[in-house]
Amino acid sequence: MLQEVVKRSERFPSDSKVLIFGGGFSGQHIAKAARKLGAEVLCSRRDFKKKGADFIFDSTSNTLPSKTIFNNVTHVISCIPPEKNGDDPVLRNFGEVLKNIPLKWVGYLSTTGVYGDYKGEWVNEESITIPKQQRSIRRLACEKAWQSLNLPLQILRLPGIYGPGRSTLEVILNQQNPVVNKEGQVFSRIHIDDIAGAIIHLISLYSKSLNPQIINIADNLPANNVEVMKYAFNLLNKPMPRIESFETASKRMNPMALSFWQENRKVSNDILCKDLGYKLIHPDYKSGLNDCLEYTHMNSL
Ligand SMILES: NC(=O)c1ccc[n+]([C@@H]2O[C@H](COP(=O)([O-])OP(=O)(O)OC[C@H]3O[C@@H](n4cnc5c(N)ncnc54)[C@H](OP(=O)(O)O)[C@@H]3O)[C@@H](O)[C@H]2O)c1
């Protein structure tokens with residue numbers, strides 16, 4: 001819950017202005033938390049009709065905001081994925097501007113897909129990046145582009161993001177497919193409360209020289225799909241459907257869905273939680289899905 005993020009976090013200094021490029025699922029949650037903690041926040045979306053659009057930025061149609069959005073900005077967070085040609089949309093349009101303002105902190109939301117396939121082994125921030133998927137190759141290139149700018153930057157590598165309104169519970173309510181099982185396959189996850197909570201924690205430590213450049217933000221318990229689905233069906237009081245082998249299920253999967261099953265790794269959060277002392281609000285999918293349940297019930301009535 002957002003209240004929990006706010007309760008546990010340090011307030012922003014009173015002159016803080018946070019610019020969030022990409023006020024989607026994670027961006028909106030970070031924005032809400034930062035506002036409650038005293039920061040002024042401006043969020044981009046591609047259309048004013050979308051909730052929480054403070055300014056419009058769409059790199060595809062070249063719709064750019066007024067440069068005045070950068071006045072007095074202290075923190076910048078980018079939640080926008082790479083463009084199809086591999087460019088970073090924020091850097092292509094605003095890289096020069098960002099280099100010339102005295103920022104206190106910059107966060108780039110990346111993915112743990114940059115590690116590639118580790119055949120079920122643990123990965124940490126020192127693991128060699130061997131991305132195989134085109135989108136992960138583009139992502140790693142964007143990470144490098146952000147690093148080349150010499151900003152007070154932290155790259156936040158995220159596994160599967162979930163939270164109220166976008167979780168396994170909605171998957172179950174919106175589709176009738178059997179549950180897919182692939183022996184030995186695990187997925188790492190992170191709840192949006194912990195994305196917001198960890199980011200605010202990292203911001204508060206940054207000026208104290210506790211500021212590694214690359215940080216995984218993941219929960220404690222990478223888990224198999226069947227285990228998570230069983231728990232979620234139980235929460236919804238629905239019977240678990242039949243289990244289907246990955247070999248069979250893969251025949252009807254689209255390439256995007258298939259790509260997620262082709263990589264297997266457990267994402268370590270030791271730097272975030274042990275070295276930097278962040279205490280997860282949702283240490284595992286059980287805690288996270290319980291948090292999602294109320295929202296799902298309210299919206300499925
Ligand atoms: N979803 C996951 O499981 C996952 C896992 C690991 C990493 N990530 C990455 O983490 C970041 C945040 O994830 P999320 O799930 O919170 O993302 P999201 O809800 O999909 O939000 C993405 C944001 O980027 C904006 N955007 C996309 N293309 C754009 C463009 N060409 N120009 C300007 N804005 C553009 C979207 O605009 P609108 O608001 O107008 O839609 C949206 O605000 C993303 O970079 C995502 O790829 C996601």
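In this predicted model, strand E1 (residues 17–21) and strand E4 (residues 75–78) pair in the parallel sense, joined by four bridges. Within this pairing, Val 18 stands opposite His 75 in E4.

The two strands belong to an open sheet of seven strands, whose order is E3-E2-E1-E4-E5-E7-E11 and whose pairing is parallel. Strand E3 (55–56) and strand E11 (214–216) stand at the edges; each has a single partner strand, so one side of each is left without a neighbour in the sheet. Strands of a sheet pair through backbone hydrogen bonds, in either a parallel or an antiparallel sense.

Helix H2 lies across E1, strand E2 (40–45), E4 and E5, and runs at about 165° to E2. H2 comprises twelve residues and reaches 17 Å from its first C-alpha to its last, close to the 16 Å expected at 1.5 Å a residue. Its buried residues are Ser 26, Gly 27, Gln 28, His 29, Ile 30, Ala 31, Ala 33 and Ala 34. After H2 comes Gly 38, with a positive phi near 95°.

The ligand is surrounded by 24 residues, of which the closest are Gly 22, Gly 24, Phe 25, Ser 26 and Arg 46. Helix H2 (25–36), strand E5 (105–111) and strand E8 (160–162) are the elements that give two or more residues to this shell. Which element supplies the largest share of the shell around the ligand? That share, three residues, comes from H2. By class, the shell holds nine nonpolar, nine polar and six charged residues.

How values were computed. Residues are numbered from 1 along each chain as its sequence is written. This is a predicted model: local features need pLDDT of at least 70, side-chain atom pairs count only at pLDDT 80 or more; totals for chains, interfaces and linings use all residues. A residue is near a molecule or strand if its C-beta atom, placed from the backbone, lies within 6 Å of it. Ala, Val, Leu, Ile, Met, Phe, Trp, Tyr, Cys and Pro count as nonpolar, Asp, Glu, Lys and Arg as charged, and the others, Gly among them, as polar. The expected span of a helix is 1.5 Å times one less than its number of residues. A residue is buried if 20 or more other C-beta atoms lie within 10 Å of its own, exposed if 12 or fewer, and partly exposed in between; C-beta atoms are placed from the backbone. Two strands pair if DSSP finds at least two bridges between them. Two residues are in contact if their C-beta atoms, placed from the backbone, lie within 7 Å. Axes are lines fitted to C-alpha atoms, for helices over the stretch in contact, and angles run from 0 to 180 degrees between N-to-C directions.
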